[in-house]
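Could you walk me through this structure in the viewer, stop by stop? I would like to know what to select and what is there.

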Amino acid sequence: MDPYTYLKRIEHEFRIAPGAAQALIKSFHGEMRKGLARRKSSLKMLPTYVGRPSGNERGTYMAIDLGGSNFRVLLVTLKGGGAMSRPVSAKYRLDKKHITSTGQRLFDFIARAIKDFTCRHKEVADKHVEVGFTFSFPVKQRGIASGVLKSWTKGFSARGVIGKDVVALLKEALSRAGLDDVTVTALANDTVGTMVAGSYRDTDCDVGVILGTGTNACYPDANKDMIINTEWGNFNKLRTTRFDNEVDRSSRNPGQQIFEKMISGMYLGQVCRFIVLDLIGRGLLFPEKRPAIFSRPYMFTAEHMSLIEEDRSPSLGRVKEFLSSNGLAKNTYDDRALLRQICRMISGRAARLSVAGVLAVITFMDPALRRRHTVAIDGTVFEKYYGFKNMMRQSLKYLGGIRARRIKLALTKDGSGAGAAIIAACADSA
Ligand code: BGC
């Protein structure tokens, strides 16, 4: 069989037609209901003890953000009336040793980064500072400033943290570092921070979504009068392909975060890698030599995929360069075109699945789409992946129909950091 015919077959498995999206939305609603009723469900539907902000919160707060490839510290001044200063921020690179050894090592790293930040910024040096802690993992909260980690995701595996209160662990590390002026007043998931930052400015905002290293969404529950963290990355009532199953099997958390493994930045490159290896195995791609970048897991990334898709030149010169610099100087136009087609197929499915998730959350609140809804979205896949925002907007029309015009997808950059500061302010005034 020629490679294009074979790929067509795979493309068929990756297609999400409106009927399939409707079925997905229906089972999503079923899982949401079960999760809220505390019955067994792939959606944890975690209460967050945070409501929507008034927009009038004021004051200077520190936000710290753990959950992606960097740890970040931000300083935000809220001015009321939906306004805030441009955050002052610093990034600290998280190495594998920080995220996969012990909890103490991870939290000591965080405390050291905060210490470094406070020494460098006179606004907070030697002053009492209140912190909003964005911790982007499934946490069972017991209040606004306390919560127990249920499981690690996104390749984190620090020992001795699951089942523990992460705010207590942070406080212990702060005290070990001599940071007694730092008080942790709020704990929040990144989706919650993003939604809160979005609704600080836009009163139609009632969904927060992260499409980055991991993926997740939250929304305000009218009955509980607080935001619910769906932990949608763990949704598993959907059809997967053999490639998704391979990604799952070879991951650190098999059987978990199935939706996330089809959508988020950490895994898109892995899905691509397994398809490429399948084609190589059949002699349909790179017949001369298997490029090293596809041999080892997690080397080929979503960033590479975006770069490949961005190449619109007739000869696919940038793809050629990319392959050459990765040890495959001899590659044909067909190799390059096939690789680009595979990337598009995977990112297109990720965009459609994300939209199906957004539609599920919105129609759970407003089944007939009577109101306007702004979805605050943060994360590198939405922000930076070539064409992703457009694919999502198109999918919204395709899967949601005419009423989906009432849904606005809004990039809410740094929502998680700024949002955590707003949540800290809310906790402060409570
Ligand atoms: C975590 C969520 C988080 C999401 C986006 C997932 O892996 O379980 O809590 O919101 O990643 O960072």
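Here is a short tour of this predicted model, starting at the ligand.

**Stop 1: the ligand.** Select the ligand and show the residues around it: there are 14, and Thr153, Asn189, Asp190, Glu231 and Glu260 are the closest. Colour this shell by class and you will find seven polar, four charged and three nonpolar residues. Now look at the oxygen atoms of the ligand. Thr153 places a polar side-chain atom 2.7 Å from a ligand oxygen, and Asn189 has a polar side-chain atom 2.8 Å from a ligand oxygen. From Ser136, a backbone N or O atom lies 3.5 Å from an oxygen atom of the ligand.

**Stop 2: helix H11.** Next, select residues 317-324, which form helix H11, and pick out Val319, Phe322 and Leu323, which are buried. Why do these residues sit on the same side of H11? Because they cover an arc of only 95° around the axis.

**Stop 3: two loop residues.** Go to Tyr49, in the loop between strand S1 (46-47) and strand S2 (58-66). Tyr49 is not a glycine, yet its phi is positive, near 60°. Its relative accessible area is 39%, so Tyr49 is partly exposed.

Finish at Gln257, in the loop between helix H7 (242-249) and helix H8 (258-263). Gln257, also not a glycine, has a positive phi of about 55°. Is Gln257 buried or exposed? With a relative accessible area of 3%, Gln257 is buried.

Notes
Residues numbered from 1 in each chain as written. Predicted model: local features only at pLDDT ≥ 70, side-chain atom pairs only at ≥ 80, totals over all residues. Heavy atoms only, no water. Near = heavy atom within 4 Å. Polar contact = N/O pair within 3.5 Å; in protein donor to acceptor, adjacent residues only side chain to side chain. Nonpolar A, V, L, I, M, F, W, Y, C, P; charged D, E, K, R; others polar. Buried < 20%, exposed > 50% of the residue type's maximum accessible area, 1.4 Å probe, protein only. Helix = DSSP H or I, 4+ residues; strand = E, 2+ residues; numbered from the N terminus. Arc of directions from axis to C-beta.
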